[in-house]
Amino acid sequence: MNFSPKTIILGSIMAGSVGAMGWQIIDEALSSKGKIRKISKSLLSNTNTSSKEFESNIEKLNNNLLKVKNPKDLNHLFTNKFFEILSKIITESTKETKQVKNAISILQVISQNEKYCKHFVRFGILEVILDKLHYNNPDSLKIIISMIRKSQTLAIIELDKINGLDILIKELKSKESVNHSGILECLTWASEYSPKIINELIEKSCIPLLCNLLIRYHDSNSRCVSLICSVLSDICSTVESEAATLLQIGIVPKILDLVYEEKNTQERLPVRCDALILLSHLITNPTCAHTIFERKDLMDTIFEQYVNFNDLKVRYVGLKFLAKCAELNVHKNEINDPNKLKILISLLNSKNTAILSELIKTLKLLSITVSSSNSESVTIMVDLEILKKINPLLNLPLTSSPILSTIVSDAIVVVGNCCFPSQEAKNQVRDLHIIEKIIQLLDSTDPKIQVNAAFAIANIVMDTENQKVVIAKNGLAKIVDLLESTDILALVGCTIVLRNYSVIKLDEEKKITQQWLEQVNYLIKLQAVEKLFAVLQTQPNRQIQTVVYECFVNLNNHPEINQKFQQLKESQKL
């Protein structure tokens, strides 16, 4: 961890004492900044770029800047005149001298501080750097990369103004260029931040160029292949129709080869990950998906070489691919294999939020069933104790980060999905005290969590014993209160809860049970009927009206409510 001089001094004062080594660190931190300020002032006082003193100062400044570990330490050190001088050095050079190398190296360090980005535009440094790419100086491209990363909009606008993309593409087309890796990194960052750049790459026929480079570097340059996959991913995720272009070019088998690759070296793992990310964008195209899944045992490979792999990034990419497959309903049945589901559920113990996010999203999509007769995957999940593994996720703090809220929200959906067709799941949510947690989540300020909690309770209350828990824990009262919500989805969820709760229960003689009458009495006490009428009169939403009418069909069997209905019919309010 790197600390600024101010932080080091403050820490030392708070500690109460500083040892000899501590004072040495403080002295070095302060003196480094002091030296940089002193040398830059000397440069401004002697602007004769051909003098030995100037050349010496440029070299000293570069050496000192290369020691800087935190770019923020450079704040307030450099003036407009300083940038003007460095721009002049590079502009007036006809070859890459030692002085030019030092100047570019200095600018490369400074470019990492976003406060100076506007100076690179103001003094035309970005334009000059692009013009001098033929020097093959890697620091030149690092400046452009830093500019794009630190000041996205400013850098993209400037690149557009000076035809920077054309220059980069021209250099990319050069077979002899040693700049390919740096240029591809520029394009990766630019395409990530700007849809306009992506459209220009398509218009300038860069996809065939990138595919040719992927073939060229397939086995020889891992960095280039990884970056090419990233750029193509950005293109295909922004303009989905371009997946067909890749298929037409014939590059998809090469991408699959990278995914199937069994090299687990530090160098090749990023390549495999970026190739699989690209594949997840390609499967959005049905023809592409068909070609991709023609390859034997692809899903087995995803589980063995990605999901079950001990590297977290590799595992995350594998899970992201599965989530995409589940979302698109592509080879979903293969993922629902008991052995594969067992692997996924075992990963719910992970402490990594990114892993959990993709994992729970996948399980949410896999647990969706349209009827109890189509619930084999849910039965397997429940047998594998998925609810026991999900239970702790419902305790995650909701204020710390959006990703945790998403995990909790999706976990609630899994619970609800499991309870829809499975009686065993309905029993487990009661035994594991999950019902109480979901009732508490009805109070969440996150609308998505609140809605999902209501829908989950709708499936939970389809069991008589669970209804008792929901009443005892004040869950039904909260549902009735939410009937005053203006959120359409929340209203749908709450009305479905009341419809499922009010389903008529008959005894052996086909008479209404006393238990059902007591249940409805509780609704009367909560003024649920009046609130349902209010919803019917104020909400034009067809789905809500249908569910409310279904509630009334159930409730009409209660004598007191039936009388109320007759009064409303007579007054023509119903």
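Over which residues does pLDDT stay under 50 while the model has six contacts beyond four places in sequence? The stretch in question is residues 23–27. The structure is a predicted model, and its chain contains 36 helices and zero strands. With a radius of gyration of 32 Å, well over the 25 Å given by the globule rule for 574 residues, the chain is more spread out than a compact globule.

**Confidence**

- The average pLDDT of the chain is 88, and 92% of the residues score at least 70.
- Residues 1–18 have a pLDDT below 50, and this stretch has 16 contacts in the model beyond near neighbours in sequence.
- Residues 23–27 also have a pLDDT under 50.

**Overall dimensions and packing**

- The C-alpha trace of the chain spans about 110 × 65 × 50 Å along its principal axes.
- Of the 574 residues in the chain, 53% are buried.
- Among contacts with a separation of 6 or more, 70% are between residues 24 or more positions apart.

- The chain exposes about 27600 Å², of which carbon and sulfur atoms supply 50%.

**Met147**

- Met147 belongs to helix α8, which covers residues 138–150.
- The relative accessible area of Met147 is 0%, so this residue counts as buried, the cut-off being under 20%.
- Leaving out residues up to four places away in sequence, Met147 touches Cys117, Phe120, Val121, Leu126, Gln152 and Ala155.
- Asn113 lies 34 residues from Met147 along the chain, and the C-alpha atoms of the two are separated by 9.1 Å.

**His558**

- His558 is placed in the loop between α35 (542–555) and α36 (559–570).
- Although His558 is in a loop, its relative accessible area is 5%, and it is therefore buried under the same cut-off of 20%.
- Apart from neighbours within four places in sequence, the contacts of His558 are with Trp516, Leu517, Val520, Asn521 and Ile524.

Key: Residues are numbered from 1 along each chain as its sequence is written. This is a predicted model: local features need pLDDT of at least 70, side-chain atom pairs count only at pLDDT 80 or more; totals for chains, interfaces and linings use all residues. Side-chain values use heavy atoms; hydrogens and water are left out. Helices (H or I, at least four residues) and strands (E, at least two) are DSSP runs, numbered from the N terminus. Buried means under 20% relative accessible area, exposed over 50%, partly exposed in between (1.4 Å probe, protein chains only). Contact means heavy atoms within 4.5 Å. The radius of gyration is taken over C-alpha atoms; the globule rule is 2.2 Å times the number of residues to the power 0.38. Accessible areas come from the Shrake-Rupley method with a 1.4 Å probe; for residues, only the protein chains shown count as cover. pLDDT is the predictor's confidence in each residue, from 0 to 100.
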